[in-house]
Amino acid sequence: MINLEVYRKILNSLEPYNASLVAVSKFKSKDDILELYHEGHRDFGENYVQELVQKQEELPKDIRWHFIGSLQRNKVKYIAPFIHLIHGVDSFRLYKEINKEGAKNNRVIPCLLQMHIAEEDTKSGLDERDMIEFFEYCEAQASELKNVRLKGVMGMATFTENQEKVVSEFQQLKNHFHFIKDSYFIGDKEFKTISMGMSNDYELALEHGSNMVRIGSLIFGNR
Ligand SMILES: *Cc1c(COP(=O)(O)O)cnc(C)c1O
């Protein structure tokens with residue numbers, strides 16, 4: 001069962017920010033996904049390759065699947081044919097692998113660079129030094145990177161009641177976004193996505209620059 005009332009409330013709160021919603025459906029049934037699909041929703045997020053591949057095979061083909069988990073390089077090939085956006089690019093090696101699989105599938109795969117903004121080490125992502133290095137590699141190998149495309153950044157704030165801390169982490173991600181845009185994507189209208197905000201912090205995220213939120217449990221119930 002999905003909570004349609006909450007779903008509609010979320011959509012309303014996104015409107016003034018022109019932000020989009022990725023409905024995070026990990027561990028949720030195909031029926032739950034279809035229920036939201038029939039409401040007109042098309043963007044769904046999954047964390048696990050095997051689960052995603054199975055759902056993609058069995059559900060309507062116009063669903064836009066977002067991969068939001070941590071992606072192992074040897075599994076890129078399974079999602080490369082259809083994935084709409086990979087949120088968790090956290091190394092140049094992964095980015096190169098996505099490029100390789102994009103080429104095999106004769107497509108350009110959209111990605112977000114995952115930045116580490118939280119206190120917890122368990123949350124992955126690049127720090128500022130890694131980020132600079134990432135773009136050095138990108139510039140050095142630009143002519144080869146034809147089948148992958150960076151569309152923005154993604155991050156996860158610390159899981160805490162401390163709103164000031166969460167806000168400062170969101171601000172950090174927004175600053176990273178603008179730094180990257182001004183340094184490497186001047187005039188590129190496609191570099192525009194800031195994916196931040198989940199069930200417990202999406203309103204704060206919107207107030208601080210998010211234009212894509214990833215929400216699971218508020219819509220689908222606890223996992
Ligand atoms: C699971 C997950 C979400 C959704 O979390 P909720 O708290 O259920 O909204 C969002 N982003 C990522 C990266 C996740 O792994």
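A pocket is an open set of grid points, on a 1 Å grid over the protein atoms alone, with protein on both sides within 12 Å along at least five of seven lines. In this predicted model, the ligand sits in the largest pocket. The points below describe the surroundings of the ligand first, and then turn to individual residues in strands, a helix and loops.

**The ligand and its surroundings**

- The shell around the ligand is made up of six nonpolar, four polar and three charged residues.
- Among the 13 residues around the ligand, those that come nearest are Lys26, Asn47, Ser199, Ser217 and Arg223.
- Asn47 places a polar side-chain atom 2.7 Å from an oxygen atom of the ligand.
- Ser217 has a backbone N or O atom that lies 2.8 Å from an oxygen atom of the ligand.
- In the side chain of Arg214, an N or O atom is 2.9 Å from a nitrogen atom of the ligand.
- The ligand taken alone exposes 390 Å², and 91% of that area is buried by the protein.

**Buried residues in strands**

- Gln114 belongs to strand S5, which covers residues 109–115. Because its relative accessibility is 3%, Gln114 counts as buried, the cut-off for that term being under 20%.
- A polar atom in the side chain of Gln114 lies 3.1 Å from the backbone oxygen of Ser124.
- Gly155 is part of strand S6, which covers residues 148–155. Gly155 has a relative accessibility of 0% and therefore counts as buried.
- Although Gly155 and Met115 are 40 residues apart in sequence, their C-alpha atoms are 5.4 Å apart in space.
- His87 is located in strand S4, which covers residues 85–89. With a relative accessible area of 0%, His87 is likewise buried.
- Between the C-alpha atoms of His87 and Ser195 the separation is 7.8 Å, while the two residues are 108 residues apart along the chain.

**A buried residue in a helix**

- Phe170 is placed in helix H7, which covers residues 163–184. Its relative accessible area is 0%, so Phe170 is buried.
- From C-alpha to C-alpha, Phe170 and Gly197 are 8.6 Å apart in space, and 27 residues apart in sequence.

- Most residues other than glycine have a negative phi.
- Asn18 is found in the loop between helix H1 (4–14) and strand S1 (20–24).
- The relative accessibility of Asn18 is 70%, so this residue counts as exposed, the cut-off for that term being over 50%.
- The position of Asn106 is in the loop between helix H5 (92–104) and S5.
- Asn106 is exposed, because its relative accessible area is 70%.

**A partly exposed proline**

- Pro81 is in the loop between helix H4 (76–79) and S4.
- The relative accessible area of Pro81 is 45%, and therefore Pro81 is partly exposed, a term for values between the cut-offs for buried and exposed.
- Pro81 and Asn105 are separated by 24 residues in sequence, with their C-alpha atoms 5.8 Å apart in space.

Key
Residues numbered from 1 in each chain as written. Predicted model: local features only at pLDDT ≥ 70, side-chain atom pairs only at ≥ 80, totals over all residues. Heavy atoms only, no water. Near = heavy atom within 4 Å. Polar contact = N/O pair within 3.5 Å; in protein donor to acceptor, adjacent residues only side chain to side chain. Areas by Shrake-Rupley, 256 points an atom, 1.4 Å probe, with all protein chains shown as cover. 1 Å grid on protein atoms, 1.4 Å probe; cavity = no way out; pocket = protein on both sides within 12 Å on 5 of 7 lines; lining within 4 Å. Sits in = over half its atoms within 2 Å of the grid points. Nonpolar A, V, L, I, M, F, W, Y, C, P; charged D, E, K, R; others polar. Helix = DSSP H or I, 4+ residues; strand = E, 2+ residues; numbered from the N terminus. Buried < 20%, exposed > 50% of the residue type's maximum accessible area, 1.4 Å probe, protein only.
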